[in-house]
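Trainee: I am new to this structure and would like to learn how to read its features. Could we go through a few of them together?

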Amino acid sequence: MKNTTLKLKHLAVVAVVGLGLVACNSTGGDNAADKQLLGAGSTFGYPIYSKMFSDYSAANAGTQTNYQSIGSGGGIKQLMSKTVDFGASDAFLSDDDMTKAPAPVVQFPTCLGAVVVSYNLPGSPELKLTPDLLAGIFLGTITKWNDDKIKAENAGVDLPATDITVAHRSDGSGTSYIFTDYLSKVNADWKSKVGVGKSPNWPVGLGGKGNEGVAGVIKQTPGAIGYVELTYALQNQMSFASLKNAAGNFVKPSLESTSLCANGDIPADTRISIANSTVDQAYPISSFTWILLYKEQKYDNRSKEKATNLVKELWWMIHDGQKDCNALNYAPLPTKAVAAAEAVLKSVTYDNQPILQ
Amino acid sequence: MSNSKIIKNKIFLKSINGSAIFVMILLAGFFITLLVSSFPAIKANGLSFLWGKTWDPVNDNYGMLPFLIGTLITSFLALLISAPFSIAAALFLGEYFPKGIIPNIFRNVIELLAAIPSVVYGFWGLFTVAPLVRALEIKLHVPAAGLGIFSASIVLSIMLIPYSVSLIRQVISMTPIQLKEAAYALGCTRTEVIMKVILPANISGISAGFLLSLGRALGETMAVTVLIGNSPKLPTSIFSPSNTMASLIANEFNEAVGSVYSASLVEIGLLLFVVTTIINLLGRVVIRRYTVKA
Amino acid sequence: MTTIEIAGIKRRKFKDTMFKYIVYGLTFTCLAVVLIILFYIFQKGIPCLNWSLFSQMPKPVGESGGGVLNAMVGSLMVVSIAALIAIPLGIAVGIFLAEKRGKPAADRVSIAVDVLQGVPSIVVGMVVYVWVVKPLGIFSALSGSIALAIMMLPPVIKNTEETLVLIPNTLKEAALALGASDLKSTMKILLPTGIGGIFSGCMLGIARVAGEVAPLLFTAFGNPYLSFNILKPVNSLPMVIFNYGSSPYEDWHRIAWGGSVILVGFVIILNVIVKFFESRWKVQF
């Protein structure tokens, strides 16, 4: 019995010492903590961000950027709660969102991506969809794959008589925003019944968490249709549709057809929707994706080193980091957008002093 | 005793009492935190929150009826599916074979169901149950998604079995032997003893067992989130995709911007807390009375 | 006996046999379901277990390979700190309940423990977000540990109480009569005598929280890197299964299956340990 008590005591001592060590580890080494950044948000940009941050970490020893793909809505919320260093969203902050923020927030684009309409059908046929077909499917007015309206656009494709299962996002999503923004621009019914939003009130369908979740539902469910970023469809060999753009051409989403949307001018605050581009061969559901951070970086005891590391890394993303885009089928930023993003990053301050000289 | 020993002893007794008080404070803290954090929503949404059919964060319009219905259908369906299995296994282990090596192994095997984490159930269900349900849906000519209330309920029912079995088995095995012997002496068969003596005599205990299982079902999150299809619409059948209160929180709490949106989610959490608390208190009272009586 | 009576007895006997077979059948179905699920998980997961799963970090999205080293370390960290918080506290409350058994104070605390056990895990996560994450302004391993510690408390408390109650009062009274303090009689007599049951409670507590995701979603958050800092976000094995399992990537599915086997294996081993201790070190007088 005596033995047992001794052991209990030892155990307690070990436990206390262990906890102490862990605590020391956390308080010591300020330098390391300054190089550890936390970002969260967009799942649309998750593939490219995870690649960029992995590359940046490899090139700059000690830097670690923890990016959690919790959805654009989550990225904005966590930035507002000041629990992350930066947020990522595919829907830029509206004026209304800006007023809700506890301090001024700046945002800049990092690249462009396409939201593709992906589906799971036997034989993986290549479908052509018009804006009205797309709106009809997502409104729940077209419910069968062999609906005459779908057949009319896809002569020669063997469409099954099965139900269409719509897959959408269950979380607040910039991808949903891009998709509903497009549908609202091209379809009056959609605009009046559902509208634009990060978490719209979906009339039909199943929800998946993140682009990953929606792609998972589509891949797992025969007869499903949903919208995901191009990379997810390509990396998982999922079929996706050509869409009829504003110029009347059926365009397959690709790096090239996405880039075509972004050749116009960029406003100084970089907030621009490029959906439903009028360019001849442009893919209509394309968008920039943004990173958001506080304009004044001195808040909540943040060190200047941390703020500098953050801005430096973001600067790297819009320059050297752009080389990662092509391999992952995101379109790199056009020159005008890079210039606008540079101006935004230069405006970020620490204690009212610009961080980048 | 030396002075230091007396002081040490006092500290010991104080810390024992203190930790007990801490648990009470912890629980009260839960309630108060949930109440305070949901206040903006209670003020903005009013009572119509409870029966509002639309959950539309874009327009700051919050009604929880779809999730309330989704939670109730999913949980009760799960309970219904698991009930015959739970009662049978409880009778098997509590009445037919209360002792012995083989029943002991059986009991441990069934308890293993409780060892599988919720998220693993969800993952497993996604690859096995959902395709089977989808095949069934095609046969029944209903929209065939695979994911929905039915899939979630099936997996949930499996998760409930170890709890209901262990609760009901304990209740059944406490039946006074005199009651059973009297029935046997009158010439009853075992079935008749079970149906006319054991089950009726224990009806309150068995109900309490199911009630406590229901409490677990209401709060179960991860497996349901993976399988239920996460739709904010009012379900129209047991095959519809839906959302439970718990799965809604899991999906949206991390991103709810705006005070009313996040407070509305906390309000749902508050309701979940209050309902599970009431269920646990009720179940406890019955089970208590039971063990005292027996 | 008349033929009618004999027919009646036959009918009743037939019903009795039928009922028995139904009960047997349903019970065996339960057992079959357990074995099918475990078989499926192990069949899918064991081929995915390899050295790189244990030794590597996650790769960027879409690149094949990678492992769950960071998640295993994170899980270990979050669960151990939770245990460090919950076990001493839980044992103390258990001692209180056993000592004051039958008194109104003990009744109230015991009700609180029962209610705490029933609080849905997602609600625990929500409350800890409000209590810890929001004020500190950081997602952290520590906040995850606090959430898990709250969930661990009830099994530790209950097992401690139930074990200590079984120890006859005479034992403690003998110690007190010899002049031992409450502290001494508890530490040297009660706890060592009940060590088996208390240990089981701790293991059950760990088993209960090791696979939890819901309380960690809003607290520990996740981290693709290896992190030992309790004030930084960490990854955990159940979260990997949740995130990777619902994705379309087959490589991620493999990692999730591997993770499932590790997790289920761990929890089963804990349960076996508990059974072993319960049979070996049972308090018997």
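Trainee: Which backbone oxygen does the side chain of A:Thr180 reach?

Mentor: First, a word on the model: it is predicted, local features need pLDDT of at least 70, side-chain atom pairs count only at pLDDT 80 or more, and totals for chains, interfaces and linings use all residues. Residues are numbered from 1 along each chain as its sequence is written, chains are lettered from A and ligands numbered from 1 in the order written, and side-chain values use heavy atoms, with hydrogens and water left out. Now to your residue: the side chain of A:Thr180 reaches the backbone oxygen of A:Ser176 at 2.8 Å.

Trainee: Where does A:Thr180 lie, and is A:Thr180 buried or exposed?

Mentor: Helices are DSSP runs of H or I with at least four residues, numbered from the N terminus. A:Thr180 sits in helix α8 (residues 174–186) of chain A. Buried means under 20% relative accessible area, exposed over 50%, and partly exposed in between (1.4 Å probe, protein chains only). A:Thr180 has a relative accessible area of 0%, so A:Thr180 is buried.

Trainee: Which residues does A:Thr180 touch?

Mentor: Contact means heavy atoms within 4.5 Å. Leaving out residues up to four places away in sequence, A:Thr180 touches A:Trp190, A:Gly195, A:Val196, A:Gly197, A:Pro200 and A:Trp202.

Trainee: What area do chain B and chain C bury between them?

Mentor: The size of an interface is often given as the accessible area lost when the parts come together. Buried area here is that loss for two parts, summed over both (1.4 Å probe). For chain B and chain C the figure is about 6800 Å², with 80% on carbon and sulfur atoms. In this pairing, 77 residues of chain B are in contact with 80 residues of chain C.

Trainee: How many salt bridges are there between chain B and chain C?

Mentor: A salt bridge is a side-chain nitrogen of Lys or Arg within 4 Å of a carboxyl oxygen of Asp or Glu. The count between chain B and chain C is three. One of them joins C:Asp114 and B:Arg284, whose closest N and O atoms are 2.6 Å apart. Helix α1 (residues 3–37) of chain B supplies the largest share of the chain B side that touches chain C, 19 residues.

Trainee: And which domains does the assignment give for chain C?

Mentor: Domain bounds come from an automatic or database domain assignment. For chain C, that assignment gives domain 1 (3–48) and domain 2 (51–284). The centres of these two domains of chain C, taken over C-alpha atoms, are 35 Å apart. Between them, the count of salt bridges is zero.

Definitions and conventions:
Helix = DSSP H or I, 4+ residues; strand = E, 2+ residues; numbered from the N terminus. Polar contact = N/O pair within 3.5 Å; in protein donor to acceptor, adjacent residues only side chain to side chain.
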